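User: Could you walk me through how to read buried helix faces and pockets in a model?

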Amino acid sequence: MSKAILNQGDAENLAIEALVFLAQQPELMNRFLSLTGIEVSSIREAATEPAFLTGVLQFYLAHEPTLMQFCEATGHKPESMSQALRFLPNGDNFYDQSM
């Protein structure tokens with residue numbers, strides 16, 4: 001069930017959930033790896049970095065069918081992804097203001 005994204009922790013949790021969803025979808029994961037250039041062996045470590053999690057959310061937001069697939073499968077609203085970006089590095093200027 002979707003909930004409001006109120007802080008960086010909420011944003012990171014949503015991005016991690018989205019990353020887990022990617023890992024369960026081989027075709028999507030291959031596209032993500034290809035676009036980002038990250039190696040599978042590096043994902044666990046990268047997932048601890050808020051900036052990497054920003055990239056996960058941006059991956060979904062850049063392709064509406066992928067975004068909708070995730071939202072339909074998880075019950076999140078599409079706008080929750082863009083809400084989450086506000087709390088992560090390079091998502092927009094709200095991140096800098098919160099520090």
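Analyst: Happy to! The buried residues of α5 pack against α1, α2 (26-36), α4 and α6, where contact means heavy atoms within 4.5 Å. Helices are DSSP runs (H or I, at least four residues), numbered from the N terminus. This is a predicted model, in which local features need pLDDT of at least 70, side-chain atom pairs count only at pLDDT 80 or more, and totals for chains, interfaces and linings use all residues. Residues are numbered from 1 along each chain as its sequence is written, and side-chain values use heavy atoms, leaving out hydrogens and water.

User: Which residues of α5 are buried, and which are exposed on the other side?

Analyst: Buried means under 20% relative accessible area and exposed over 50%, with partly exposed in between (1.4 Å probe, protein chains only). In α5, T66, L67, F70 and C71 are buried. They lie on the same side of α5 because they cover an arc of only 130° around the axis, taken from the directions from the helix axis to the C-beta atoms. E64, P65, E72 and A73 are exposed on the other side.

User: Which residues are buried in α6?

Analyst: S80, M81, A84 and L85. Their arc is only 145°, so they share the same side of α6. The buried residues of α6 pack against α1 (8-23), α4 (50-61) and α5 (64-74).

User: What lines the largest pocket?

Analyst: I16, L19, V20, A23, M29, I43, R44 and A47 do. The largest share, 4 residues, comes from α1.

Key. Helices (H or I, at least four residues) and strands (E, at least two) are DSSP runs, numbered from the N terminus. On a 1 Å grid over the protein atoms alone, a cavity is a set of points where a 1.4 Å probe fits but cannot get out, and a pocket is an open set with protein on both sides within 12 Å along at least five of seven lines; lining residues have an atom within 4 Å of a point.
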